[in-house]
Amino acid sequence: MTAPLLSPLSGWANGDKLRNWAGNLEYSTEKLDLVKNLQQVQAIVKKYPKLKVLGTRHCFNDIADTKDQFITVVGAEEHIDLDTKNKTVTVNGGLKYGQLAPYLHQKGFALHNLASLPHISVAGACATATHGSGEKNGNLATAVSGMEIVTADGELVKLNREKDGEKFNAAVVHLGALGVVTKVTLDVQPTFFMAQVVYENLPLSQLKAHFDEIESRGDSVSLFTNWATEDITEVWIKYKTNSDKPLKTRPDKELFGGKLATKNLHPIPELSAENCTEQMGVPGPWYERMPHFKMGFTPSSGKELQTEYFVPRKNAVDAILAISKMGSQISPHLFTSEVRTIAADNLWLSPCYKQDSVAIHFTWKQDWPAVSKLLPVIEKELAPFNPRPHWGKLFTVSPGLLEKRYEKLPEFRELAAQMDPKGKFRNAFLNLNVFAN
């Protein structure tokens, strides 16, 4: 996930209207119950006929909105149970990656990947198939090996990758439609160190010829551009190292015409890199390099919107070129755009279901009238590649097309009908995009 590049990280301030991080969405009710443990979750779920779970509020659309009643487990009793024998960690639903990652590293373990921003909850990120980058890296939800969820009747259901097969694959990316996730179990691996370097102004013509080579240069690669020029403005390459000591070999000074940066950079070149993770090939723990932004900071105040589309990896270059032709239309309304690769998975509602993918992300200036006119045009240009939108970001793809592109939607609806027969956890977004047929 590309982090909110400009927006504030606010808490649950008394008297404030409930808004998402970017401030573009004011939620439809301020009725919010903060629960501390499983028993409270079950009691609240039984109490209300309609309910939605509100997490760390990173989504840019109304996927989590409701007119009725919110419940949140963010701020609940912290639970981290590390199983070193089976190489898993079980956490409470509201725990953030920024809380979990340092603990794992201290214990000698790591997650396979992280998103751009660490201030998001584990359960929420997995529910929407939020992702990082890397040809061999699945999205964050692919690390889930077990979960506990309180369903509409207040009962606790436990699901396991090994025991529950396709039902598990259906439930991991659940979009908030199945219940309240109270615990998530993630696969972990031995800890490692990483370094990252940035190249500037890689010619788009070179990207056409060498896309696969560029993407394979690191364990995680991000391409940034505003589509205003014939260049990829920045190429961020993150790669594993054997230690936290300075590297003996220096990175190449040039990457297919792109020049190695001589100072830390922000994905939006005009902004200070002060809050970005360390670059210049300086090694550090995995959790201090995988995200683009440091864990212990508050982003500078500002407003933005976000959109993201996933296309098959085999269509990556053609899709990028299709967008580049729209540069004059897009760039006046854009802060930056990021292109990343994500490995295929078996999770039913994941945008990477059964296909290696490339995600084309847009961080827009907060001008919804202009952006709302651009999205259908972008979606039309990408239509030959059957783009799947990120569930938590802004899109105008019709329910009919979503049905075609997310082939497991009909079967997911059947599972939802079993776990939530009266639609307690449904809302306008889900009724339109998931349960329309």
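In this predicted model, Thr90 has Thr185 in strand S9 as its bridge partner. The two strands concerned, S5 (residues 88-92) and S9 (residues 180-187), run antiparallel and are joined by 5 bridges. Both belong to an open sheet of 5 strands, whose order is S4-S5-S9-S7-S8 and whose pairing is antiparallel. At the edges of this sheet stand strand S4 (80-83) and strand S8 (156-160), each of which has a single partner strand, so one side of each is left without a neighbour in the sheet. From one strand to the next, the twist averages 15 degrees.

Helix H4 (residues 161-171) packs on this sheet, where the helix touches strand S7 (144-150) together with S8 and S9, and the direction of H4 makes about 105 degrees with that of S8. Because Arg161 lies in helix H4 while Asp187 lies in strand S9, the pair ties together parts that are 26 residues apart in sequence. Over the whole structure, a search finds 12 salt bridges.

A further open sheet is formed by 3 strands in the order S1-S3-S2, and here the pairing is parallel. Its edge strands, S1 (32-34) and S2 (52-53), each pair on one side only. Between S1 and strand S3 (residues 70-72) there are 3 bridges in the parallel sense, and the bridge partner that Leu34 finds in S3 is Thr72.

The remaining topic is the packing of two helices, a relation described by the angle between their axes and the distance between the axes. For helix H5 (residues 204-215) and helix H6 (residues 316-324), the angle is about 165 degrees and the axes lie 9 Å apart. Angles over 145 degrees count as roughly antiparallel, and H5 and H6 are therefore roughly antiparallel to each other. The crossing in which H5 passes H6 is left-handed. On the H5 side the contact is made by Leu204, Leu207, Lys208 and Phe211, which meet Ala316, Val317, Ile320, Leu321 and Ser324 in H6. Sorted by class, the residues of this contact between H5 and H6 comprise 7 nonpolar, 1 polar and 1 charged.

Notes: Residues are numbered from 1 along each chain as its sequence is written. This is a predicted model: local features need pLDDT of at least 70, side-chain atom pairs count only at pLDDT 80 or more; totals for chains, interfaces and linings use all residues. Side-chain values use heavy atoms; hydrogens and water are left out. Axes are lines fitted to C-alpha atoms, for helices over the stretch in contact, and angles run from 0 to 180 degrees between N-to-C directions. Helices (H or I, at least four residues) and strands (E, at least two) are DSSP runs, numbered from the N terminus. Angles under 35 degrees count as roughly parallel, over 145 as roughly antiparallel, 65 to 115 as roughly perpendicular and the rest as oblique. A crossing is left-handed if the near helix is turned anticlockwise from the far one by less than a right angle, and right-handed if clockwise. Contact means heavy atoms within 4.5 Å. Ala, Val, Leu, Ile, Met, Phe, Trp, Tyr, Cys and Pro count as nonpolar, Asp, Glu, Lys and Arg as charged, and the others, Gly among them, as polar. Two strands pair if DSSP finds at least two bridges between them. A salt bridge is a side-chain nitrogen of Lys or Arg within 4 Å of a carboxyl oxygen of Asp or Glu.
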